[in-house]
Amino acid sequence: DADHLARASELLESNKIYLAYRDFCLSDDFGDYYGRHCVISKDGILPADKYLFAGNHKSVSKLGIHPPESHGRVTDLLGQIRNELWGFNDPEVMQLILGMAFITPFHSLFRKCATTTNAIPSIIIQGTTGTGKTTQLVLASCFFGRFRESDVISFSATPKLINDLGHEFKDALYVVDDLKWGAMSQGLQSSLVQMLQAYVDGHGRDRLVNANGSGEWTPSTGKEIRGTMCISGEDLPTGEASILGRFMVTSIRQANRNSSLLSRCLDASSHYSQVMAAYLAWHFRQPDAHDYLISHFDKLRKDFERSVPPGAVNAVRVCSQLALNLLGYIRLTEFMRSYEILPATETTALQNSHHSRLCSLQQERLLGIQNETPVEKFLGVLKQLLASKRVSMVGASNSRSLPEIGIMEFEQNQAVLYLVPDVAFAEVQRALATMNDRIPFSQQSLGHQFRESGYLVRTESGRCTITKTINGTPCRTYALNASKVGLPQLF
């Protein structure tokens, strides 16, 4: 980084470059979008034909939207998108991906300004090898640069590398390929759970850093993923409703690998970023454009939430994903109508059809979580808090500022979690409150919930709790079967 800054300073002083950008994304005040060779704002698409970009990964070097060659060129590209890309491989999945792609330039806007903490766009495409799921994602990523499948990072890389590369893709699609959950070790699964939860919470990975080679390890906040995560994989995390509830998940169902259509889409995709530049210029010209996005997202999210039963916290998260996707699709079709690619009647019909598509997807997700009990919901949130390092076990973190919810011990070949009820209950309720949700029972009844669900491994006579000395102080705790809770893999 020091070498890049020195080189930038040298070039600026010699007037060999006019502008130096680290990121191609929305500006901090959301008034501009920095592209490759251009800056887009309410004043239009302005040239910036000399630049310095400091990215150091091959996929980052392909990042950056390009200015349109002409109005006619954008019109031709939009026609190709409507007539060919729209129906490529699996048309249902392709349109979900396009909805996500056209809300992605405003990723950082939603993170900062949305009225809910769940407004983080993402998508997981599931399918067997050869069904074209990665190809569909890579074609969509070309709205933000010039990518091919060989440029895409995969889950064979370390979680740290996946996380840090995602930091460079601010307000752009970030494709991560080849998720094979069942083939991963338990330790790797744990690291990925932590990374994915941190992504939707807007945090960097907490990682241990060797201080000056002294052998003393201290926590250091990592970089957060700032792009829209688009994941392709054969099998997904099991027993991790909190992860799947944070991503929009769909599957390839009717793959149609048409080689000539693929060839035409690949040829056109080298120029797709011109469409994104024109789309952003169109957006910035709209009155109160950003305010419209935030308010319309809120309306769509509330509409989807009407179908969610009380207490289904993971389903509430999915509603934000659905609303973001629908909003991106609405904006794309309205933009296409402004170029006379779509007549008004077809625009409305397509938007209604996409809404129905998302409602069907929502019902599939609701079926998957409708049997979640209140105590499973409580423990699911607790695991999220532990994995994202917002709470800790006694002795498991060097940070004294984290609330300590209990202590883990191994007794007679069994992992036992001694849970401190007042701390754990308060932190879970606080996390749910940010999503306008709550646990549907009191702290006093928590022990009865654990006992009835078979989580308690020991109690004292007449009680659900057991006395445990923690940090030198006797505490009333719940002795839980940590394996049944699903916690050992986090430690």
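**Close-up 1. Asp178 in strand β6 of a predicted model.** Asp178 lies in strand β6, which spans residues 173-180, where strands (E, at least two residues) and helices (H or I, at least four) are DSSP runs numbered from the N terminus. Although Asp178 is not a glycine, its phi is positive, at about 70°. Most residues other than glycine have a negative phi. With a relative accessibility of 32%, Asp178 counts as partly exposed, a class that falls between buried (under 20% relative accessible area) and exposed (over 50%), using a 1.4 Å probe and protein chains only. This is a predicted model, in which local features need pLDDT of at least 70, side-chain atom pairs count only at pLDDT 80 or more, and totals for chains, interfaces and linings use all residues. Residues are numbered from 1 along each chain as its sequence is written, and side-chain values use heavy atoms, with hydrogens and water left out.

**Close-up 2. Glu340 in the loop between α12 and α13.** Glu340 is not a glycine, yet it has a positive phi of about 60°. Glu340 is exposed, its relative accessible area being 73%.

**Close-up 3. The packing of helices α3 and α5.** Helix α3 (residues 91-101) packs with helix α5 (residues 133-141) at an angle of about 35°, and their axes are 10 Å apart; axes are lines fitted to C-alpha atoms over the stretch in contact, and angles run from 0 to 180 degrees between N-to-C directions. Val93, Met94 and Ile97 of α3 make the contact with Gln136, Leu137 and Ala140 of α5, contact meaning heavy atoms within 4.5 Å.
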